[in-house]
Amino acid sequence: MQLDPRFQERIAVIVTVVVGILGAIMIGKMTAQGQTGAIALLVFGAAGVASLLHFRERVWVIIPVLWPFYGAVQILPLPFALKDLGVMVGFSAIVVCIALKIVRRKPRFVYLDALLYLNAIWLLIAFIRNPVGFLVSDSERVGGRPYVSAIFAMLAYWTLCRLDAPGELIRRSAKYVFGAVIVVFLLNVVLVFVPALAGVASQFYSGFDMYFVDGTSADMSGMPSAGAAALDAGTARIELFRDIGKYSCIFLCAYFFPPTLLNPMKWKRSAGFLATMIGLLLSGFRSFLIYAGAMFLLGSYYRKGWTSLLRSSGFGVLMVFLVMLGHGTIYELPFAAQRALAVVPKFLRPVALDERAIDAGTSSTDWRVDMWILALTTDKYITDKVLGDGFGMTRMQIAAYQKAATLGPISHEDSQEHMAISGEFHSGPVSSIRVVGIVGLLFVYVLIIPLAIHATRLIKRTKGTPLFEATLFFCMPVVFEPFWYTFVFGGHPAVIPFAAFSLGMMKLIENSLERYEVAQAVRSAPKSSLPEPRTTQIAVLK
């Protein structure tokens, strides 16, 4: 017996109302008892279920959208970063979709998957050899959050590589990621002008930059920025502009031909690029200025080849030259901008920069090199350089870390001690040697270099399709990763999660490209080559 559709609608309405009333009663009761964490968990859970019911397999989009956000939602009784919560929602939804036969694709296992699993297994061995939170050789280790991040990254990879999506959804996914970064940036700007909201905002997301709020700069992990306390308000780096500048540059160079970003006739994109570069200069990070230049050159190369790359290099040098030419005559560059521009060779500087800015950059480089030499030539920070010490810190290291933190990172020596103890060497290779040893470092290069090559091939395959711009957005950072990890600002806590997420996204794009190519082949095929539709001959009885 088939039920009346109107009766089914009434049942759905009744169930929704009853569940809503019961939920309201539960929330009211928990509010009276002060259980804000449980309320937040209930609301997030309900939102996750609603998203699953509405979006089904398209819920994967939440994984890349939340991936840039390393801060935690502190109001929840779960010590996970916002990006990890996105992975939990996406992974759970796809598992349900697989169980219900909504998702049927079985991923192909290729050599890149084997290389990723090799690194994951070696990281597991590092944990077994130096378990965090257990007593090993009379020393207790704490600080295993990077292991958790690696696990969630593998779940993201497992989820994404099983899916495909329409080209337009892939294209929009990059816009969603950039939009989410803009929203968090704007919320941070609100905190600058209304600092009274900082306490409430930090409960919902701990990754806000509180420099303008409480005078101490914090990064995405919530840790105070080394050396920020040593700088006054006129010379401090404004980290608020760092991430928005980075993602804005990736987005603009992926969705537009980079040289057109310098064309004032195309005022919308050129204004956006101008704002991006101003933000990166104000952030004071030389490394992210290099990152922006790399995205500019890669975007030019992948669209129009080597000739365009050379022309874009000339445009970039000219732009930097003109910016510096106006310093001291038309305008005065902020100290943070001069610090970032100190990376430009002296013979390309048309005017002199503040010597303090140049010294700050030089001393920062010397500070890092001294820390690397000390780490690699002594046993003070790295005990086993062949197999690694794993993540976390020993009891003696914790005591030294707390002592350095109590003194405060005022001098270069103090901040160097503080960061070296915690394993933040500002160097990918040195960081990996500390965690997984020289053997693990070789495994990392065996992974990220083939990933970069595969990303280049995938970009070229998608050229001329609706997936091209989004592929540039997700793959250009993968191509630049070996250089970034080795020479600029790498770290082992980030490189394996980044590789796992990137491989998952690339396999999702490959699956979607196959889907697009099949659809195009069907559309372009002549009607005579298509199979004849089945017909049923009906006998007409007279």
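Mentor: Let's begin with helix H18, where Thr471, Phe474, Cys475, Pro477, Val478, Glu481 and Tyr485 meet Val495, Phe498, Ser502, Met505, Met506 and Ile509 of H19. Contact here means heavy atoms within 4.5 Å, and helices are DSSP runs (H or I, at least four residues) numbered from the N terminus. Before going on, please note that this is a predicted model, in which local features need pLDDT of at least 70, side-chain atom pairs count only at pLDDT 80 or more, and totals for chains, interfaces and linings use all residues. Residues are numbered from 1 along each chain as its sequence is written, and side-chain values use heavy atoms, with hydrogens and water left out.

Two packed helices are described by the angle between their axes and the distance between the axes. For H18 and H19 (residues 492-524), the axes come within 10 Å and cross at roughly 145 degrees. Axes are lines fitted to C-alpha atoms, for helices over the stretch in contact, and angles run from 0 to 180 degrees between N-to-C directions. This crossing is left-handed, a word used if the near helix is turned anticlockwise from the far one by less than a right angle, with right-handed used if clockwise.

H18 (residues 468-489) also has H12 (residues 286-325) as a partner, and their axes come within 10 Å and cross at roughly 135 degrees. H12 and H18 are therefore oblique to each other; angles under 35 degrees count as roughly parallel, over 145 as roughly antiparallel, 65 to 115 as roughly perpendicular and the rest as oblique. Their crossing is right-handed. On the H18 side the contact residues include Phe468, Glu469, Leu472 and Trp484, and on the H12 side they include Phe288, Tyr291, Met295 and Arg303.

Glu469 has another partner: its side chain meets that of Arg171 in a salt bridge (2.7 Å, N to O). Arg171 lies in H7 and Glu469 in H18, so the pair ties together parts that are 298 residues apart in sequence. A salt bridge is a side-chain nitrogen of Lys or Arg within 4 Å of a carboxyl oxygen of Asp or Glu, and the whole structure has 11 of them.

H7 passes H10 in a left-handed crossing.

How values were computed
Helix = DSSP H or I, 4+ residues; strand = E, 2+ residues; numbered from the N terminus.
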